[in-house]
Amino acid sequence: MIFGGPYRGRRLNNVSQAAVPSLAPAVLAGERLALARLLSQIENDAPLGMLALGELFPHTGKAHLVGVTGAPGTGKSSLVNQLALYFRRPPDGESPRRVAILAVDPSSPFTGGAILGDRVRMRDLSGDPGVFIRSMAARGSLGGLAPATASLAQVFDAAGFELILIETVGAGQAEVDIARLAHTTIVVEAPGLGDDIQAIKAGILEIADILVVNKADRPGADNTERSLRNMLQLAHPAPRQFQHHGRLEKVTVPAAVLVPEPIWETPVLRSVATEGAGVAELAAAIARHRLHLEQTGDWGRRERFRLQAELEARLRQGLLERWRESASPTLYDEILDRLVARRISPVQAVTALIDGGSSQ
Ligand SMILES: Nc1nc2c(ncn2[C@@H]2O[C@H](COP(=O)(O)OP(=O)(O)O)[C@@H](O)[C@H]2O)c(=O)[nH]1
Ligand SMILES: [Mg+2]
């Protein structure tokens with residue numbers, strides 16, 4: 001039932017800011033308990049959480065958001081785990097980075113089940129103050145899964161986590177939306193998970209910045225890798241600009257024109273997440289992608305696009321809620337009846353609801 005839900009009529013200004021202190025200062029000070037509590041508030045759409053988020057937002061914009069998506073069982077959690085370990089204990093000369101892991105799984109209950117596939121590795125990470133692992137189901141979240149995920153990522157960002165790994169399951173619209181949140185999207189495949197490559201069927205290849213064939217220890221990894229490379233070739237058949245470089249140089253064009261825009265060529269990597277093989281290469285590809293985004297100006301463009309996507313999702317939600325607050329439930333039912341009876345079309349119904357839908 002669209003009307004009469006628990007959120008109807010709720011407004012942020014119903015909450016007295018003075019009554020309960022915001023968790024934002026404690027989160028900025030690095031208190032883990034405050035962080036955990038704020039994440040829960042936000043996940044539950046608690047108005048206090050939204051207020052704290054407003055305080056934290058000016059402190060965001062530094063983290064690298066990396067989405068990891070793919071079919072269930074491909075090894076995403078194992079890989080995310082390994083990546084976190086790698087970034088916490090990088091090779092000599094590199095400094096460890098603070099890593100947050102956000103596992104988004106709408107199909108699992110909030111508290112139940114294993115968050116990460118490999119419990120031994122998870123134990124390696126727990127107790128490390130530079131790592132924070134959070135799993136969210138958020139089925140009931142008001143604004144949808146993607147804006148909820150965006151909010152949680154913003155909290156991690158403000159709390160000083162430099163790398164935020166967001167694991168999503170499957171290849172549906174929600175995953176594509178969440179991928180739009182990320183600066184870098186990794187699509188994980190594994191051999192032997194069906195007759196065809198799952199991601200391609202859902203068109204998820206379009207959003208991949210990095211492709212990983214995990215479970216490279218299993219038979220069929222060569223086939224999976226080959227199919228992915230073929231699909232990439234089909235998806236981006238245009239010759240790369242640098243291949244024309246030699247020819248261009250013979251023509252008299254200003255030097256500036258000769259400098260090719262760097263083009264990101266989606267790498268296809270292999271890994272065995274259970275053993276950590278290929279993880280260093282994946283970490284290097286993530287770093288390279290960030291550098292590419294920064295050098296081409298795409299980082300700024302993606303930032304704008306990411307925030308615009310969130311703005312529009314929230315605007316849709318906000319307008320709908322505001323409309324619901326003022327709309328008459330009886331009129332709504334009447335119009336729905338007329339729609340079901342085919343006396344008006346859906347478009348006419350919307351017009352009637354928006355133009356004549358206010359009760360007062
Ligand atoms: N043989 C093999 N098994 C793996 C590999 N990576 C993950 N697994 C196993 O595959 C199963 C699913 O892994 P998980 O990380 O939970 O996958 P997810 O559903 O994509 O998050 C677990 O039993 C892992 O131990 C790998 O590279 N090789
Ligand atoms: Mg998983």
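Ligand 1 is surrounded by 17 residues, of which the closest are Gly73, Lys76, Ser77, Ser78 and Asp217; a residue belongs to this shell if one of its heavy atoms lies within 4 Å of the ligand. The structure is a predicted model, in which local features need pLDDT of at least 70 and side-chain atom pairs count only at pLDDT 80 or more, while totals for chains, interfaces and linings use all residues. Residues are numbered from 1 along each chain as its sequence is written, chains are lettered from A and ligands numbered from 1 in the order in which they are written, and side-chain values use heavy atoms, with hydrogens and water left out.

**Ligand 1 and its shell**

- The side chain of Ser78 has an N or O atom 2.5 Å from an oxygen atom of ligand 1, and the side chain of Ser77 has one 2.9 Å from an oxygen atom of the ligand.
- A nitrogen atom of ligand 1 lies 3.5 Å from a polar side-chain atom of Thr274; a polar contact is a pair of N or O atoms within 3.5 Å, and within protein one atom must be able to donate a hydrogen and the other to accept it, with residues adjacent in sequence counted only if both atoms are side-chain atoms.
- Taken alone, ligand 1 exposes 580 Å², and the protein buries 75% of that; accessible areas come from the Shrake-Rupley method with a 1.4 Å probe, and for residues only the protein chains shown count as cover.
- Helix α4 (residues 76-88) gives the most to the shell, with three residues; helices (H or I, at least four residues) and strands (E, at least two) are DSSP runs, numbered from the N terminus.
- The shell comprises four nonpolar, eight polar and five charged residues, where Ala, Val, Leu, Ile, Met, Phe, Trp, Tyr, Cys and Pro count as nonpolar, Asp, Glu, Lys and Arg as charged, and the others, Gly among them, as polar.

**Overall architecture**

- The protein has 15 helices and seven strands.
- Of its 360 residues, 43% are buried; buried means under 20% relative accessible area, exposed over 50%, and partly exposed in between (1.4 Å probe, protein chains only).
- Among contacts between residues at least 6 apart in sequence, 78% join residues at least 24 apart, contact being heavy atoms within 4.5 Å.
- The protein exposes about 18800 Å², with carbon and sulfur atoms supplying 55% of it.

**Helix α2**

- The 12 residues of α2 (residues 32-43) should span 16 Å at 1.5 Å a residue, and this agrees with the 16 Å between the end C-alpha atoms; the expected span is 1.5 Å times one less than the number of residues.
- The buried residues of α2 are Ala34, Leu35, Leu38, Leu39, Gln41, Ile42 and Glu43, and they pack against α1 (24-28), α3 (47-56), β3 (131-136) and α6 (145-158).
- Asp45, which follows α2, has a positive phi near 55°.

**Individual residues**

- Arg98 is in the loop between α4 and β2 (99-104) and is partly exposed, with a relative accessible area of 27%.
- A polar atom of the Arg98 side chain lies 3.0 Å from the backbone oxygen of Ala159.
- Arg98 and Gly160 are 62 residues apart in sequence, yet 7.3 Å apart in space, C-alpha to C-alpha.
- Thr266, in the loop between α11 (255-258) and β7, counts as buried because its relative accessibility is 15%.
- Beyond neighbours within four places in sequence, Thr266 is in contact with Ala208, Asp209, Ile210, Leu211 and Leu232.

**Positive phi in loops**

- Most residues other than glycine have a negative phi.
- Lys215, in the loop between β6 and α9, has a positive phi near 55° and is partly exposed at 21% relative accessibility.
- Arg342, in the loop between α14 (329-340) and α15 (346-356), has a positive phi near 65° and counts as exposed at 73% relative accessibility.
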